[in-house]
Amino acid sequence: MEKAFNKIVSDRYSCRSYSQEPVTREQILAVLECARLAPSACNKQPWKYVVIDESQLLEQVYAAYDRPWIKEAPAAIIVLGNRSEAWHRKHDGYDATDIDVAITTEHICLAATSMGLGTCWVCNFNPETVCSALNIPDEWEPLVIIPIGKPAEGISIPEKKRKTVEELIQWGKF
Ligand SMILES: Cc1cc2nc3c(=O)[nH]c(=O)nc-3n(C[C@H](O)[C@H](O)[C@H](O)COP(=O)(O)O)c2cc1C
């Protein structure tokens, strides 16, 4: 199923209720192909994706985020960032890791939406729990957990609550 881009953007939402239907590795690979093509500062691509689709490991990862809904998701992608691989601005040392990881992560969410899959950005997790469950080496930081799966039956896309264009856009000087 393919959708026009603006439809994909408006259909993406934070899905917090999943069906138990498994996500195939083919689907995950298709999503990660879009993630891999994301831009990054100086094309450093300072990211890795850890895919979890096995119930015992999922349980250990989900223990890092104490919300019952996440346990419904049949798979998760943990997006890792590496600050020593990322571009740093020479003027002030600004580190682009978080921006780069955010872009590739949103590609995951939009690609999943285009395939009829639900996702949710989760950053409010305990990173130590994730690192020890997945043996993540010191130089790699888990920055986002993306649960992924088919939205539960009967879930509809919630209305977007967003600031207005007038509130957000400044034409010319601030
Ligand atoms: C950086 C980031 C971190 C987030 N962390 C969490 C989280 O830990 N738990 C959660 O339920 N939602 C999390 N969200 C989802 C936001 O709450 C959600 O995107 C926002 O309320 C807008 O709703 P929508 O995604 O349905 O459009 C996060 C979103 C972003 C971008």
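A residue is taken to be near a molecule or strand if its C-beta atom, placed from the backbone, lies within 6 Å of it. The model is predicted: local features require pLDDT of at least 70, side-chain atom pairs count only at pLDDT 80 or more, and totals for chains, interfaces and linings use all residues. Numbering starts from 1 along each chain as its sequence is written.

**Stop 1: the ligand**

Select the ligand and display its surroundings: Tyr13, Ser14, Cys120, Trp121, Val122, Cys123, Asn124 and Lys160. By class, this shell comprises five nonpolar residues, two polar and one charged. The classes are assigned as follows: Ala, Val, Leu, Ile, Met, Phe, Trp, Tyr, Cys and Pro are nonpolar, Asp, Glu, Lys and Arg are charged, and the others, Gly among them, are polar.

**Stop 2: the whole chain**

Next, colour the protein chain by secondary structure.

Along the principal axes, the C-alpha atoms of the protein chain fill a box of roughly 50 × 40 × 30 Å. Of the 174 residues, 28% count as buried. A residue is buried if 20 or more other C-beta atoms lie within 10 Å of its own, exposed if 12 or fewer, and partly exposed in between, with C-beta atoms placed from the backbone. Among contacts with a separation of 6 or more, 80% come from residues 24 or more positions apart; a contact requires C-beta atoms, placed from the backbone, within 7 Å.

**Stop 3: the sheet**

Now hide the helices and keep the strands. They form an open sheet of four strands in the order β1-β2-β4-β3, with antiparallel pairing. The edge strands are β1 and β3 (118-119), each of which pairs on one side only. Two strands pair if DSSP finds at least two bridges between them.

Proceed across the sheet from β1 (residues 47-52), which is joined to β2 in the antiparallel sense by six bridges. Within β2, Ala76 stands opposite Ile52. The antiparallel pairing of β2 with β4 (residues 141-149) extends over seven bridges. Finally, β3 and β4 run antiparallel and are joined by two bridges, with Thr119 opposite Ile148.

**Stop 4: the covered strands**

Select β2 (residues 75-81) alone. Which of its residues are buried on each side? Ala75, Ile77, Val79 and Gly81 are buried on one side, and Ala76, Ile78 and Leu80 on the other. Thus seven of the seven residues of β2 are buried. Turning to β4, seven of its nine residues are buried.

Helix α4 lies across β1, β2, β3 and β4, at about 5° to β4. The angle is taken between N-to-C directions on a scale from 0 to 180 degrees, with axes fitted to C-alpha atoms, for helices over the stretch in contact.

**Stop 5: the loops**

Centre the view on the loop between α2 (25-36) and β1, where Gln45 is found. Its phi is near 45°, a positive value in a residue other than glycine. Gln45 is partly exposed, with 17 other C-beta atoms within 10 Å. Asn43 is also placed in the loop between α2 and β1. Is Asn43 buried or exposed? Asn43 is exposed, having 8 other C-beta atoms within 10 Å. From Asn43, draw a C-alpha to C-alpha distance to Glu59: the two are 16 residues apart in sequence and 34 Å apart in space.

End at Asn135, in the loop between α5 (127-134) and β4. The phi of Asn135 is near 55°, a positive value in a residue other than glycine. Asn135 counts as exposed, with 7 C-beta neighbours inside 10 Å.

Terms used
Contact = placed C-beta atoms within 7 Å.
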